[in-house]
Amino acid sequence: MNEVRVMNRWWVVLGAVLIQLCLGAIYAWSVFTPALKEAGWSKLDTQIVFAVGLASFALVMVFAGSRLQRWGPRVLALSGGLTPGAGYLLAGLGGADS
């Protein structure tokens, strides 16, 4: 007899919740805004960066949606998490005080 192994569905629920939290990462920009204003950025400057980030987010979603069948959800979710994580890491290490 061939027995089909079924994954615990709670892992799927946990993954879905974590992905939804990651989708809200763009709104973390509001945490950086006060420090940027203190560093001399205008309100408009910070809003432009947020707008570009939000537009990029939307455009990449369209691209990722078209690749879902080919690459699968695991690869897309992993790359989607690593990309902004690497960006925050590089900005933190490279930007320092400036």
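In this predicted model, helix α3, residues 43-71, and helix α4, residues 73-95, pack with their axes 7 Å apart, at an angle of about 135°. That angle makes α3 oblique to α4. Which residues bring these two helices into contact? On the α3 side they are Ala 64, Arg 67, Leu 68 and Trp 71, and they meet Pro 73, Val 75 and Leu 76 of α4. By class, this contact of α3 with α4 holds six nonpolar residues, one charged residue and no polar ones. As for the spacing within a helix, an α-helix has 3.6 residues a turn, so residues three or four places apart point the same way.

Let me turn to α3 itself. Helix α3 contains 29 residues and spans 39 Å from its first C-alpha to its last, close to the 42 Å expected at 1.5 Å a residue.

Helix α2, residues 29-38, packs with α3 at an angle of about 150°, and the two axes lie 10 Å apart. Angles over 145 degrees count as roughly antiparallel, and α2 and α3 are therefore roughly antiparallel to each other. Their crossing is right-handed. In this contact, Trp 29, Thr 33, Leu 36 and Lys 37 of α2 meet Lys 43, Thr 46, Val 49 and Phe 50 of α3. The contact of α2 with α3 comprises four nonpolar, two polar and two charged residues.

Key:
Residues numbered from 1 in each chain as written. Predicted model: local features only at pLDDT ≥ 70, side-chain atom pairs only at ≥ 80, totals over all residues. Heavy atoms only, no water. Axes fitted to C-alpha atoms, helices over the stretch in contact; angles between N-to-C directions. Helix = DSSP H or I, 4+ residues; strand = E, 2+ residues; numbered from the N terminus. Parallel < 35°, antiparallel > 145°, perpendicular 65-115°, else oblique. Left-handed = near helix turned anticlockwise from the far one by under 90°. Contact = heavy atoms within 4.5 Å. Nonpolar A, V, L, I, M, F, W, Y, C, P; charged D, E, K, R; others polar. Expected span 1.5 Å × (residues − 1).
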